[in-house]
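Welcome! Please take a moment to look over the sequence and the 3D view, and then read on for a short tour.

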Amino acid sequence: MREEGDAIAEHTREHNAGRKAVTEDFPEYETLRERARAVKEDAIENLPDLVDRLRESVEANGGHLYVADDAADANRYIVETVGDAETVVKSKSMTTEEIDLNDALETAGVEPVETDLGEWVIQLAEESPSHLIGPAMHKDRAEIAALFAEVFDPADPPETATELTAFARETLGERIREADVGLTGANFVVAESGSIALVTNEGNARKVASTPDTHIAVSGVEKIVPTVEDLEPFVNLLSRAGAGQELSAYTSLFTPPVASPVPDFDAPDEPLSAIDDEGTTANPDREFHLVLIDNGRLAMREDEDLRETLYCVRCGACANSCGNFQSVGGHVFGGETYTGGIAGGWEAGIEGLDVAGEFNDLCTGCSRCVPACPVKIDIPWINTVVRDRINRRKADASDFAFLPDGLAPDAEPAGLDLGKRFVGDFATLAKWGHRTAPLANQLADAGPVRAALERVVGIDRRRDLPTFASESLVEWFDRRGGARIPLADADRDAILYPDTYTNYVDVERGKAAVRALEALGVHVRVPSLPPSGRPPLSQGMVATAEERAHDLYAALAEHVDAGRDVVVVEPSDLAMIRSEYERFLEPAAFDRLAGASYEILEYVYGLLENGASIDALVGGDDATRTSDLAYHPHCQARTLDLEEYTLAVLERAGYDVRTSDTECCGMAGSFGYKTEYYELSIDVGEPLVEDFGGTDRTLVASGTSCGEQLDALLDRPARHPIELLAPPEAPER
């Protein structure tokens with residue numbers, strides 16, 4: 001898989017770190033996110049009315065509004081408006097990239113000149129943007145210097161960042177002064193006043209808008225907000241989320257056509273004063289056109305699952321927070337125009353499933369983009385829905401589409417891709433692997449079997465496979481005689497959820513969880529329960545995941561009604577219960593189950609806060625215990641804000657904990673097993689080698705996949721934190 005080098009990783013991680021820094025010290029941040037989302041929800045719901053209000057405002061100001069059905073319609077109108085102009089100077093606009101406006105202008109004999117530095121660089125390089133706010137983010141200084149030298153052949157080629165910027169400023173300044181038409185995008189468009197908001201760091205947009213006598217603004221219809229007051233949360237959020245800045249260098253609000261006279265650069269002494277003393281709001285020498293583009297957006301508005309894509313403010317925070325994007329960049333993790341996690345929804349809605357399918361699997365559902373998004377878009381869900389639609393369309397066209405769906409082992413169509421079905425039905429595989437262990441484990445290590453798995457279902461032979469346990473956690477618990485703390489003597493009554501991996505593979509962490517809870521006075525139950533549906537959801541098998549959700553809720557409802565807590569070891573399973581189940585269960589059912597469910601260390605923390613003693617958790621025998629830990633939190637544990645509980649409990653127990661700052665280990669459940677993505681998975685995990693490679697601390701990871709990846713990267717197994725806390729097992733009765 002083609003990667004874009006170190007530049008994209010360096011810049012995205014800088015933006016990501018900056019976002020954390022400027023949001024942690026901004027107490028209003030979450031409130032503003034809620035307000036921004038509410039504004040977008042309302043605006044998209046009332047979009048037709050807002051377009052009508054905006055038309056009235058623009059025309060009252062002396063401008064023109066055109067709503068284009070698609071790219072061809074928009075380009076036709078813009079080319080006709082430009083007329084016999086020779087040069088159009090442009091500020092940054094992803095929407096004009098979407099409609100290929102530059103190609104349309106060039107075909108009409110008009111020269112388009114990008115004036116945003118990054119856009120200009122990729123225009124000169126004849127490339128497309130790699131990032132929503134950093135089009136040339138994948139290029140380093142040396143590459144840009146070589147490009148300028150090749151294109152312009154200057155006598156004294158610029159090399160330093162300062163020299164390159166000065167060269168661009170001088171060259172582009174001249175192009176702006178001589179241009180016939182200025183064309184901008186619009187971060188937001190205000191319906192009540194016809195105003196457009198431009199948020200930039202270079203100041204070129206306001207020059208493009210005010211220097212030529214004709215200004216064309218191009219915007220998707222989703223950019224409309226009702227009032228000027230509605231801009232406030234976005235102005236405070238946009239730069240913080242996207243670039244890690246408290247505020248962009250330039251936040252401009254225009255109500256075009258503007259009143260200032262068109263500057264005459266041949267008469268530099270002529271003052272730029274108001275056109276008259278009568279409060280004229282528009283200059284008759286100026287012309288303004290606002291082009292609103294549909295191009296699939298109104299259909300997305302009617303699509304229950306893609307609709308949320310229209311809330312996007314194009315900040316790029318989803319890309320910055322994504323481990324895969326940091327490695328491959330937008331020319332791989334992106335479609336015809338849009339890049340990063342949110343590109344899945346945009347490209348599916350605008351270009352179609354074929355384009356979205358080219359990069360959809362690069363979204364692993366790790367969920368780290370969700371807290372990064374300033375309008376709280378559930379990007380993993382959008383990509384999961386797109387994956388489901390891609391799966392079903394391919395299944396309909398497959399050689400097995402004629403088979404009755406009832407013959408399939410899940411709720412998916414018969415022709416579903418075999419690799420996705422293999423991974424999505426991991427619960428069945430694990431159950432049979434356990435029942436036939438150790439023979440299944442021996443066969444799984446055999447060369448011919450690994451070759452067949454790689455060829456048929458795409459499981460890379462370089463990745464170690466799970467070792468199935470001969471005795472499951474449920475079987476062990478029953479054999480030991482069940483709970484050791486009688487219900488009458490217990491402080492709490494809890495179900496320990498035997499997720500697929502804990503029940504059939506890493507049984508030791510399940511046993512440790514039982515011992516730790518009992519040491520803290522909990523009456524523990526470990527019943528046989530259905531899988532949560534996480535593996536099928538990761539493969540876009542939405543119907544199967546929903547079926548699993550209902551099965552698990554039905555199995556747990558009686559326990560929840562009885563006041564029992566549900567304690568979960570695997571963070572991804574808790575994420576299903578607390579997040580994705582909201583889409584599958586009735587609201588009351590979801591609230592009941594989510595409200596009764598806890599991650600194991602979160603639950604231990606709660607017990608300690610309510611009087612339990614940390615001294616009850618001795619953490620194994622003194623000969624094997626170490627006080628120095630290197631801890632990598634699970635992606636979804638971070639999204640659910642669970643990391644703090646684990647750290648608090650470990651520190652109370654006397655451990656010295658070094659925490660990884662790496663967002664994602666790169667394993668991402670089944671992603672790291674797949675031949676197509678194995679090398680990318682390892683590359684994404686390399687920062688963990690930098691974090692922990694030089695330490696002899698005990699490796700600790702809350703998630704299954706994180707532990708597997710740490711073992712692969714560092715050749716050392718990682719332990720679940722509960723294993724460091726649980727006392728030894730008492731003699732069996």
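Where does Pro257 lie? Pro257 is in the loop between β9 (250-254) and β10 (287-293). Helices (H or I, at least four residues) and strands (E, at least two) are DSSP runs, numbered from the N terminus.

## About the model

This is a predicted model, in which local features need pLDDT of at least 70 and side-chain atom pairs count only at pLDDT 80 or more, while totals for chains, interfaces and linings use all residues. Residues are numbered from 1 along each chain as its sequence is written, and side-chain values use heavy atoms, with hydrogens and water left out.

## Backbone details

Let us stay with the loop we started from. Pro256 and Pro257 are joined by a cis peptide bond, with omega at about 0°. Another cis peptide bond, with omega of about 5°, connects Ala437 to Pro438. Pro438 sits in the loop between α20 (426-435) and α21 (439-444).

Most residues other than glycine have a negative phi, and most peptide bonds are trans. Asp641 is not a glycine, yet it has a positive phi of about 60°; this residue belongs to the loop between α31 (635-639) and α32 (643-652). Ala668 also has a positive phi, near 50°, and is placed in the loop between β16 (656-659) and α33 (678-692). Ala668 counts as partly exposed, at 22% relative accessibility. For these labels, buried means under 20% relative accessible area, exposed over 50%, and partly exposed in between (1.4 Å probe, protein chains only).

## Cysteines without partners

A disulfide is a covalent bond between the sulfur atoms of two cysteines. Here it is taken as a pair of cysteine sulfur atoms within 2.5 Å. How many disulfides does a search of the whole structure find? The search finds zero. Cys369, for example, is in no disulfide, and the nearest cysteine sulfur, that of Cys363, is 6.1 Å away. Cys369 is buried, with a relative accessible area of 10%.

## Aromatic rings

Searching the whole structure gives 15 aromatic pairs. Rings of Phe, Tyr and Trp (its six-membered ring) pair if their centres lie within 6.5 Å; planes under 30 degrees apart count as stacked, over 60 as edge-to-face and the rest as tilted. One of the pairs is the tilted one of Phe188 and Phe234, at 4.8 Å centre to centre and 40° between the planes. This pair links distant parts of the chain, since Phe188 is in strand β5 (residues 188-190) and Phe234 in helix α11 (residues 232-243), 46 residues apart. Phe188 and Phe234 are both buried.

Trp381 and Phe584 make an edge-to-face pair, with 5.9 Å centre to centre and 65° between the planes. Trp381 is in helix α18 (residues 379-396) and Phe584 in the loop between α28 (571-578) and α29 (587-595), so the pair ties together parts that are 203 residues apart in sequence. Both of these residues, Trp381 and Phe584, are buried. Elsewhere, Trp120, Phe148, Phe152 and Phe167 form one aromatic cluster.

Some rings also have a charge over them (NZ of Lys or CZ of Arg within 6 Å of the ring centre and within 35 degrees of the ring normal). Arg314 lies over the face of Trp346, at 4.7 Å from the ring centre, and Arg435 over that of Trp432, at 5.0 Å.

## Spaces inside

The structure contains three cavities of 30 Å³ or more. On a 1 Å grid over the protein atoms alone, a cavity is a set of points where a 1.4 Å probe fits but cannot get out, and lining residues have an atom within 4 Å of a point. Grid points are joined across faces, edges and corners, and a volume is the space filled by probe spheres set on the points.

The largest cavity has a volume of about 140 Å³. Of its 17 lining residues, the closest to the centre are Cys322, Leu362, Cys363, Thr364 and Cys366. The second largest cavity has a volume of about 80 Å³. Its lining has 13 residues, with Cys312, Cys315, Cys318, Cys373 and Ile377 nearest the centre.

Conventions: 1 Å grid on protein atoms, 1.4 Å probe; cavity = no way out; pocket = protein on both sides within 12 Å on 5 of 7 lines; lining within 4 Å.
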